[in-house]
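The sequence and structure come first.

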Amino acid sequence: MKYNPQQYKIKDEAMKPFIDADEIWQFLDNAKPEKEKVREVIKKALDKNRLSLEETALLLNTTDNELINEIKNGARELKERVYGHRIVLFAPLYIGNLCTNNCAYCGFKSSNQSIKRATLNHEAIVKQVKALEDVGQKRLILVYGEHPKYDAHFIAESVRTVYGVKSGNGEIRRVNINAAPQSIEDFKIIKDSAIGTYQVFQETYHPETYKKVHLGGKKADYDWRLTALDRAQEAGIDDVGIGALFGLYDWRFEVMALVRHVNHFESVYNVGPHTISFPRIQMASELDINQDYIVTDEEFTRLVAILRLAVPYTGLILTAREPAKVRDEIMQFGVSQIDGGTNIEMEGYAEKTDNNKQDLDNEQFQINDNRSLAEIMDELIQNKYIPSFCTACYRNGRTGEHFMEFSVPGFIKRYCTPNALLTLAEYLEDYATPETKKRGYELIDENLLKLDEANYKQKVIERLENIKQGKRDLYF
Ligand code: SAM
Ligand code: SF4
């Protein structure tokens, strides 16, 4: 299944120079958010149309509270209408924090003498992954600093190590990575290790700000980073994630640039990025950034709702950088993936370091949602979300799954919901407390009632029974 950029009439727009800061500012300066126009744009998004840069700018410039509520309600409705109540769970695993770059916002920067540097060797990776599998994780993102030691072979090897670890019924079925930009040749080496998504964030799309906060190392080269995902595509990695670090520059500019990046992808490769991440700057060891662009909780919520409306078929990732309260609030506006049970201290999962006592000299930045995976699962279930560990599309070679969910009639009912229910049942059988298990099966029963195709429903019921009998890894 491929995108048809013509359908969204973005070809011409996308063929202009890829990121042009003046052009983005022109869009923002010219957008006058009159009531009727804003309402039309929301309606257009609700009719499952992709928004243009002009339309996105209108939403970003809206300051009227009534209209802002309409934007948020629109995002919530779109999410419910299209994606339902599933939420995919994953966990980050830091492989190494050596770094030759000097990013002002990051605890791992090369100038930071107080950070404890470490790289997980084979045994240490196995130990961490076992600990992650033992609480029920199935999807990981491996994270690396930028260092000659972490070359493509090292990254590929660490991915293979993770896939090889099995503990009880536990296994990691999808390994994504967040690592420095590579050459095409090196991306090919990494692709061969069967990564899921390759993720790299531009941090700020504003070239001058980029220069100010990237004070040394290869990351100081804006263009090398901006074109990383194009090289990944050339190397055959078509499942990629983009992102911006909010708090470095004007948040409206960054949202426009993210949408611009999506346009570029659709236009050139006929497929948009799989996911967008929007980390917000958190405390870090020796954090050194200008406070002018701090994004408030309200602005943050708004920007997620606007992204949902602007690029309705791209997955949105919200991480444990944000406190539980903010995450719970924002999830309803269209987030598709969250991390759960996150511990970003080096070797933190197996050592069971207490997340409530974070040591900033041992991690990249502070996280603010310290709930365990078990707590998050239970809360999601109580709030009627269906937590999912599904990896079926990736393993069946169905790339662009968010787009398919969005555009292929019946796709969610046929694949996503059944697979979410099956992976939830696995979790309930193997890792949940008796209370969560009871609540979880009630949720499964409620959702089974909504699956209407009689035969298909029957197949799901049979597979659920098989899971109760001890079978694992059943998917459609
Ligand atoms: N070294 C890789 C790179 O630079 O792409 C991995 C980076 S890091 C593990 C993943 C992301 O964390 C970064 O791209 C950045 O957006 C984010 N990050 C860095 N410092 C942060 C901070 N103080 N608060 C929140 N997020 C931060
Ligand atoms: Fe290194 Fe990445 Fe941190 Fe920059 S953000 S200092 S590249 S780990």
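Which residues are around ligand 2?

The model is predicted. Around ligand 2 are Cys99, Asn101, Cys103, Tyr105, Cys106, Phe108, Lys109, Gly145, Lys219 and Gln364. Sorted by class, five residues of this shell are nonpolar, three are polar and two are charged.

As for location, ligand 2 sits in the largest cavity.

## Division into domains

The chain is split into two parts: domain 1 is made up of 85-240 + 273-292 + 314-389, and domain 2 of 410-468. Between the C-alpha centres of domain 1 and domain 2 the distance is 29 Å. Domain 1 brings 21 residues to the contact, and domain 2 brings 18 residues.

## The interface between the domains

The size of an interface is often expressed as the accessible area lost when the parts come together. For domain 1 and domain 2, the buried area is about 1,600 Å², and carbon and sulfur atoms give 60% of it. On the side of domain 1, Arg86, Ile381 and Ile386 supply 34% of the area buried against domain 2, more than any other three residues.

Charged pairs also occur here: three salt bridges are found across the interface of domain 1 and domain 2.

A salt bridge joins the side chains of Lys384 and Glu446, with an N to O distance of 3.1 Å.

Key: Residues are numbered from 1 along each chain as its sequence is written. Chains are lettered from A and ligands numbered from 1 in the order in which they are written. This is a predicted model: local features need pLDDT of at least 70, side-chain atom pairs count only at pLDDT 80 or more; totals for chains, interfaces and linings use all residues. Side-chain values use heavy atoms; hydrogens and water are left out. A residue is near a molecule or strand if one of its heavy atoms lies within 4 Å of it. On a 1 Å grid over the protein atoms alone, a cavity is a set of points where a 1.4 Å probe fits but cannot get out, and a pocket is an open set with protein on both sides within 12 Å along at least five of seven lines; lining residues have an atom within 4 Å of a point. A molecule sits in a cavity or pocket if more than half of its atoms lie within 2 Å of its grid points. Ala, Val, Leu, Ile, Met, Phe, Trp, Tyr, Cys and Pro count as nonpolar, Asp, Glu, Lys and Arg as charged, and the others, Gly among them, as polar. Domain bounds come from an automatic or database domain assignment. Contact means heavy atoms within 4.5 Å. Buried area is the accessible area (1.4 Å probe) that two parts lose on being put together, summed over both. A salt bridge is a side-chain nitrogen of Lys or Arg within 4 Å of a carboxyl oxygen of Asp or Glu.
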